[in-house]
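Let's walk through this one together, starting with the rings and ending with the metal.

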Amino acid sequence: PRAHSYTKYNTWDTIQSWIASISTSNSDLISKQVIGNTFEGRPMTVLKLGKRSSSTKPAIFMDCGIHAREWISPAFCQWFVKEALSTYGSDSQMTSLLNQMDVFVLPVFNVDGYDFTHKSNRMWRKTRSRKSGTNCFGADPNRNFNAGWCTAGASSNPCSDTYCGSTPESEIEVKNVADFIRRNKSIIKAYITIHSYSQLLLFPYSYTYELAADHSELLKVAEGASAALRSLYGTAYTSGPGAATIYPAAGGSDDWAYDLGVKYSYTFELRDTGRYGFLLPESQIKPTCEETMLAVKYIAAYVQKNL
Ligand SMILES: NCCCCC[C@@H](C[SeH])C(=O)O
Ligand SMILES: [Zn+2]
Ligand SMILES: [Zn+2]
């Protein structure tokens with residue numbers, strides 16, 4: 001596979017090789033676990049970052065690449081892993097975070113779709129599952145979680161880009177992630193899912209306009225994280241509950257995690273606001289990842305303080 005670069009949109013083969021090498025680079029700080037395979041049989045590998053400990057530590061779960069065409073998202077997860085490993089020991093906050101907590105990172109959630117965008121259709125969004133009765137492929141994994149499933153902002157038409165699937169968790173990729181989070185729900189204190197584009201920091205709910213029980217706290221943290229992000233290059237984010245801030249959208253991973261009991265549940269929509277959209281130039285990977293690190297670290301620090 002082609003050489004890996006943190007400032008390029010790496011192909012799946014290159015990312016897979018990177019996962020293999022980085023996960024064995026520092027056995028005291030990182031390990032990997034395959035949580036299942038995709039529809040087409042590709043492995044879904046979660047990287048566990050954190051000072052190795054015999055006792056169970058509280059954790060944060062972050063996924064990237066749930067939507068295939070949002071290439072800046074997997075780029076950020078790769079950047080996060082590199083930053084965590086390279087600044088542990090020198091950055092006091094990252095050192096404290098990885099000593100006290102674990103961070104589970106799923107660099108590419110929708111692996112089949114991501115590979116498909118490199119090889120066939122750059123604008124593909126969904127999974128690549130096949131079902132009888134239709135010639136259309138895939139379901140929107142961010143409409144397939146069991147949270148107000150298919151009640152708003154989703155379609156029951158298999159050819160729609162927001163097809164909710166035949167049942168909740170019909171997509172094996174969604175089931176693999178939901179099973180992992182359910183298995184670890186007693187230790188997972190925060191859920192962060194990375195998308196693009198629009199420059200938004202969203203939190204529950206999207207399946208209803210009702211405010212979440214923790215609305216004011218979630219908003220406060222989101223505003224602090226957005227301010228931290230803006231402090232670097234002035235990139236302006238809007239924070240708010242999904243339904244009112246972007247659009248109603250049921251079946252989302254953030255709403256599902258929140259209702260499972262993961263209080264700090266956030267969806268990032270990274271750069272930009274439409275000039276390039278999903279086709280964000282590689283020249284913007286570095287600044288986008290640097291500013292997003294500040295927001296994610298802000299959230300992580302808040303979670304840590306409130307353990
Ligand atoms: N759970 C829904 C959060 C708000 C919508 C996020 C966007 C990311 Se492309 C979407 O899934 O349409
Ligand atoms: Zn998305
Ligand atoms: Zn988006």
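Rings of Phe, Tyr and Trp (its six-membered ring) pair if their centres lie within 6.5 Å; planes under 30 degrees apart count as stacked, over 60 as edge-to-face and the rest as tilted. This is a predicted model, where local features need pLDDT of at least 70, side-chain atom pairs count only at pLDDT 80 or more, and totals for chains, interfaces and linings use all residues. Residues are numbered from 1 along each chain as its sequence is written, chains are lettered from A and ligands numbered from 1 in the order in which they are written, and side-chain values use heavy atoms, with hydrogens and water left out.

With that settled, Phe-61, Phe-104, Phe-180 and Tyr-191 come together as one aromatic cluster. Across the whole structure, a search turns up 15 aromatic pairs. Among them is Tyr-205 with Tyr-207, a tilted pair at 4.7 Å centre to centre and 40° between the planes.

Now for the metal. Donors here are N, O and S atoms within 2.8 Å of the metal (3.2 Å for Na, K and Ca); water is not among the atoms, so sites may look incomplete. The zinc ion (ligand 2) has His-67 (ND1), Glu-70 (OE), Glu-70 (OE) and His-195 (ND1) as protein donors, 2.0 to 2.3 Å away. The zinc ion (ligand 3) lies 3.6 Å from the zinc ion (ligand 2).
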